[in-house]
Amino acid sequence: MSNLDKVLRSAQRNSYDTWFNRWFEHNDFPKTFEISAKKGYSAYVIDVTKFDDYLERRLSDDRVLKLLKKKLPGIKVEREQGSLTRRNLFNMKYTSKYNRIIFSWDDDKN
């Protein structure tokens with residue numbers, strides 16, 4: 001690996017870590033999860049496809065799951081991706097893709 005390659009990879013890694021820390025602090029997940037739990041939910045979902053291209057690209061990166069798991073011990077964090085094919089009112093098929101980050105905290109399903 002050349003020196004320039006190492007410098008660029010390091011800059012990219014540092015940039016992502018800086019972005020993640022700012023994004024994580026801005027979202028206040030512990031409070032969000034507490035509000036969801038008080039409403040009776042046992043999970044919280046972020047639909048990545050609902051954001052602008054920049055944020056969608058950042059949240060689609062696998063590093064976000066590793067960093068979220070590290071910051072939120074005791075919370076199960078996983079990604080769900082796929083596509084759905086449906087028919088509209090005119091019986092025409094269309095396919096929509098989904099990309100979700102799912103946070104869950106209740107393993108005792110009754």
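This is a predicted model: local features need pLDDT of at least 70, side-chain atom pairs count only at pLDDT 80 or more; totals for chains, interfaces and linings use all residues.
A nonpolar core is a set of buried Ala, Val, Leu, Ile, Met, Phe, Trp, Tyr and Cys residues joined through side-chain atoms within 4.5 Å; buried denotes under 20% relative accessible area, exposed over 50%, and partly exposed in between (1.4 Å probe, protein chains only). Helices (H or I, at least four residues) and strands (E, at least two) are DSSP runs, numbered from the N terminus. In soluble globular proteins, nonpolar side chains tend to be buried together.

Residues are numbered from 1 along each chain as its sequence is written, and side-chain values use heavy atoms, without hydrogens and water. Local features need pLDDT of at least 70 and side-chain atom pairs count only at pLDDT 80 or more, whereas totals for chains, interfaces and linings use all residues.

Residues up to four places away in sequence aside, I101 has contacts (heavy atoms within 4.5 Å) with Y44, V45, I46, V48, L59, V64, L65, L68, V77, E78 and R79.

Strand β2 (residues 76–87) includes G82, which is partly exposed, with a relative accessible area of 28%. Beyond its neighbours within four places in sequence, G82 contacts S96, K97 and Y98. A distance of 6.8 Å separates the C-alpha atoms of G82 and N99, which are 17 residues apart along the chain.
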